[in-house]
Amino acid sequence: MNTIIMLILISLLILVHEIGHFAAARMFGVRVSKFGFGLPIGPTLYKTKWGDTEILVHAFLLGGYVSFPDDEEKDTKEDNKEQKETADVLASDSPERFKNKKPWQKAIIVSAGVFMNVIFAIFLTMFAAAWYHKLPMGSSDVFIEEIMTKDNASNIVQSEAKNGDRIKSVNGINVNSTYKFIFVVQKSKYFDGFVDSKLITEKIDALKSLNPGVDFENIIPKNTKLILPEKTAEAPLKISENIALGLEKYKTTETELSKEEAALRDDILNKREYTLKNDVDPESLAKALADSYKPLTIVLERDGKEIVLDNIYTDKEGVLGIKLKTKEKFIETNTPREVIVYSLDYLWRNTKLMALGLWQLVSGKIPFNEMHGIIVITKVGSDIIEAYGMLNGLLLTAIISIDLAIINLLPIPALDGGHLMFLGLEKLLGREIDEKITEGIGRFFFLLLILLMVYVIFNDIFALVTHKF
């Protein structure tokens with residue numbers, strides 16, 4: 001049922017967007033030939049006529065469009081006689097044609113869908129705030145629900161941590177979501193297979209000091225007996241808030257251990273003396289010695305007092321051994337002023353995050369395979385409604401509506417932003433751009449858009465099959 005609710009909400013966003021184009025066109029007296037829900041790929045599920053406009057519902061529901069008589073004339077297929085007859089009704093100089101409108105009127109018609117998505121997002125957020133009398137602050141309190149002691153190799157069991165403690169920060173990063181905390185913990189796990197070059201040098205120097213009779217400038221031969229330096233911690237993980245939030249891809253500058261080096265690391269664990277079983281490069285030995293754990297500094301809050309846990313480490317699987325629970329933080333919206341102010345603040349915060357996320361995706365800081373579409377959105381939305389209620393479902397829909405507006409404003413042909421780009425170029429050049437050029441570019445990018453949608457759908461299905469979501 002929640003999946004159906006989410007699909008209906010997403011469908012509303014598409015309808016609202018196209019209604020924006022339709023309403024703006026009719027406001028300026030432009031005839032609309034077709035109003036399509038879905039993309040004209042595959043069979044048409046439903047067709048009817050409303051005035052001069054043909055209403056169509058297509059089987060491929062991931063999209064929508066508004067078509068003008070100008071567009072109909074561009075279709076030269078012989079089997080499309082009905083379209084041609086509709087287009088021929090209007091003279092080429094008819095004021096009902098889109099191409100005969102002033103540039104500013106065209107710009108309003110083209111951008112009306114984006115405008116409606118923004119208005120709809122504001123409406124949904126304010127409605128949710130007024131109905132439920134609260135809005136999420138965009139953060140949560142994270143608590144230790146239980147410290148797991150069974151088969152736990154982490155030293156947090158021996159620390160001052162207790163059930164019910166609130167986790168304030170980890171390695172200096174404010175913990176206002178489980179994602180941020182788990183991310184830092186996972187990237188700090190014992191034997192992560194990456195070591196800093198400075199630590200490698202330190203281990204080689206320590207080996208030379210403990211084994212003055214061994215030549216560390218060349219390959220160390222098999223059966224050489226060595227005194228090993230004591231295992232020490234690596235440098236603590238230092239990352240930005242954007243990385244911790246997942247808005248920027250995590251990239252390490254450390255050196256990765258090979259399979260042979262990782263095997264050697266496991267073999268020399270907790271040993272101070274060791275006889276080499278194979279010929280070993282000194283740097284490989286140093287890397288095996290250097291790989292240990294990145295210590296965590298966790299700040300807890302209990303009864304208003306701070307408790308600092310230093311030098312905390314995970315087990316080899318990156319498990320800290322604690323069960324977390326969260327309590328989402330809300331702000332009350334009991335008055336009209338609070339509804340308006342906090343709703344706009346909520347949307348602005350999330351718009352900035354989405355814009356930043358889009359930039360990180362375009363710039364390659366977030367991998368392309370992290371891009372998802374309607375299938376994952378519906379799944380995630382359904383889960384959110386199931387876990388947190390309809391308030392969060394409405395707010396997610398509002399955020400998606402803003403996201404749809406941002407994406408449609410991108411200066412890419414086949415999107416609203418692409419049409420605005422051509423209108424801007426026409427204004428700068430002082431003349432219309434050749435229709436054959438714009439049509440050719442538009443068709444090319446429309447094909448790319450379809451291919452992207454196919455990729456995203458495949459990516460969504462793969463993510464669901466592999467239980468990523």
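**Salt bridges and a loop tyrosine**

Me: How many salt bridges does a search of the whole structure find?
Reply: This is a predicted model, where local features need pLDDT of at least 70, side-chain atom pairs count only at pLDDT 80 or more, and totals for chains, interfaces and linings use all residues. Residues are numbered from 1 along each chain as its sequence is written, and side-chain values use heavy atoms, leaving out hydrogens and water. A salt bridge here is a side-chain nitrogen of Lys or Arg within 4 Å of a carboxyl oxygen of Asp or Glu. Searching the whole structure on that basis gives 18.

Me: Are arginine 166 and aspartate 141 buried or exposed?
Reply: These two form a salt bridge, with the closest N and O atoms 3.6 Å apart. Arginine 166 is in strand β4 and aspartate 141 in strand β3, 25 residues apart (strands are DSSP E runs of at least two residues, helices H or I runs of at least four, numbered from the N terminus). Buried means under 20% relative accessible area, exposed over 50%, partly exposed in between, using a 1.4 Å probe and protein chains only. Both residues come out buried.

Me: Why does glutamate 306 count as exposed?
Reply: Glutamate 306 pairs with lysine 168, closest N and O atoms 2.6 Å apart. Glutamate 306 sits in β11 and lysine 168 in β4, so the bridge ties together parts 138 residues apart in sequence. Glutamate 306 counts as exposed because its relative accessibility is 51%.

Me: Where is tyrosine 313 found?
Reply: Tyrosine 313 is in contact (heavy atoms within 4.5 Å) with residues including Tyr190 and Leu320. Its place is the loop between β11 and β12.

Technical notes
Lists of a residue's contacts leave out its neighbours within four places in sequence.
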